[in-house]
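Look at the charged side chains in this model. Then follow the account below.

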Amino acid sequence: MTTLMLLVAVVVCCFLYLGLILWKANTYWEVRGVKHFKPWPLVGNLARALKFNRHVSFFYDEIYKAFPTERMVGMYEFLTPTLIIRDPTLVENVLVREFSTYPDHGPLFFEPSSISYESIFTITGIRWRALRNKLLTSFSTGKMKAIFPDIVRSCQSVVDSDPKRLHKDMLHEFAVKSFLNSMFGTNILPEGEEELMAKSKEVFQGKPQRIIQQIMLTFFPKLGDFLNMKFMPKTLDNYFRNLLNTLVEQRASANIKRDDYAKVLCDMNKMGKMDVYNRENKRIDETFDVTNDLVLAQAFMFFFAGLDTTVLVMLHTALELSLAKSCQEKARQEVRSVLKKYGGYSWEAVRDMKYLDQCIQETLRMHPSLQFIVRMSDKDTVIDGVKIKKNTRIIIPLHSIQMDPNHFPNPHIFDPERFSVPLSSKFTHLPFSEGPRVCLGKRFATLETATIIAHILDNFELHPSPELKFPLKYEPNALFHSPISNDEISIILKRIM
Ligand code: HEM
């Protein structure tokens, strides 16, 4: 009898303890007086997201719009309390002014054995800083100028292939080739090309099963690891390990003098160590080993972070210009007059295409490749007078902010003139984020996008395909803002004689 009573008491205590944890988790925002929707037990505010028929950014946007007078709002992602920042001044604080309080993204969906695990995106602290400083040298003006002729060659081959339609797959192929040419100084062997195109598409494919894995690895990392969940299938991981290893090894042994990203990676590999230099004290704080895995992680991260994101901006810029005929014509006239002025393509000429850049910025406003970014508080802190605990997840909903009529009137209208004058706050337009973790490939991505769009405008008229149906459908389970299929966005190209 006493054993039974003891057992009952233990079970009751367990339930009470569990109830207390759930109650504490689900009252995080209430006790802090932060507006939020009432959460469901266990799933928080993400119950509908589990149907996997809408991108998670849709739910952030719903909450963003539901509290139009708030500077920030709370939500619950399962048991995790998350803060959605609405106000540009608070965005600036999180990304820039108080960066040391929010330096990282928090747990990410890369399991420890993933090729991405040690990438710049994932690693933290002073190792991140040292690595970032090193990788940043790949995007200096000198290096951009040096790789520019390769970008132009890739663009010209698109024009020469006389395409009749522009769609995602075609731009994907261009971007993979251009990326390998300019960043690694290499062409893909013809026999490997088909496989590379297929595998690189697979990396970005959205499937509910992948989202489940990513949810587990983000919100329940220990359980995800225990269940052997992976960011991407092992075969895909191995394929990129082998490919990038071969590229780096070939480059190291070929003795090619080319100042590009591959050189930065080879130099890192050769040194075997990296110093963390403290500028204030003018001394080396720490030295860490540069392993082959660390180098491959950086090679893959550029591919992963830079490929689909850039393709999507090219695609959406072409789409918007096909719909806005007067903008298209104005951009074409500018491209032609700049090319005449500089006698053809050069880094300086593309930088001088100011209206084209406005068109790209406007596209990035309406269709940012990443719809939101995540930060994590590194310590207990205060945001806008509210006490936030260490490890609170913070969402900056880029798309919601950029489509907010308070910042951009008539936000659904494509109007490149918005960018002809400085914005009232640069923290209302954040397609590449801002602050110390701002996108590393921003200069490369805008240069490559402007160069391909300039080539297309100079040679083709862009017309929306008659099959286009609005609203366009987007992949609910992909990381980036990607159309649901290759045919969803298709633009007809008519060669200008
Ligand atoms: C138009 C294309 C692109 C867009 C819209 C874009 C957007 C972004 C954004 C929003 C972030 C910040 C993410 C965060 O803080 O959570 C980011 C980070 C990053 N991007 Fe890009 N990106 C683009 C192209 C590229 C390219 C071409 C590369 C490489 C060649 C690249 C490499 C990176 C890396 C390495 C980071 C992480 C930086 C760090 O954590 O220190 N991106 N990007």
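What follows covers the salt bridges and then one glutamine.

This is a predicted model, in which local features need pLDDT of at least 70 and side-chain atom pairs count only at pLDDT 80 or more, while totals for chains, interfaces and linings use all residues. Residues are numbered from 1 along each chain as its sequence is written, and side-chain values use heavy atoms, leaving out hydrogens and water.

A salt bridge here is a side-chain nitrogen of Lys or Arg within 4 Å of a carboxyl oxygen of Asp or Glu. The count by this rule is 36. Asp150, Arg153, Arg251, Arg258 and Asp260 are linked in a network of such bridges.

Aspartate 87 pairs with arginine 71 in a salt bridge, with the closest N and O atoms 3.3 Å apart. Aspartate 87 sits in the loop between strand S2 (80-85) and helix H4 (88-97), and arginine 71 in the loop between helix H3 (56-66) and strand S1 (72-77), so the pair ties together parts 16 residues apart in sequence. Helices (H or I, at least four residues) and strands (E, at least two) are DSSP runs, numbered from the N terminus. Aspartate 87 is buried at 18% relative accessibility. Arginine 71 is partly exposed at 32%. Buried means under 20% relative accessible area, exposed over 50%, and partly exposed in between (1.4 Å probe, protein chains only).

Aspartate 352 and lysine 341 also form a salt bridge, at 2.8 Å from N to O. Lysine 341 is exposed, with 60% relative accessibility.

Now the glutamine. Glutamine 213 lies in helix H9 (residues 208-219). Its relative accessibility is 17%, so glutamine 213 counts as buried. Leaving aside residues up to four places away in sequence, glutamine 213 touches Met229 and Lys230; contact means heavy atoms within 4.5 Å.
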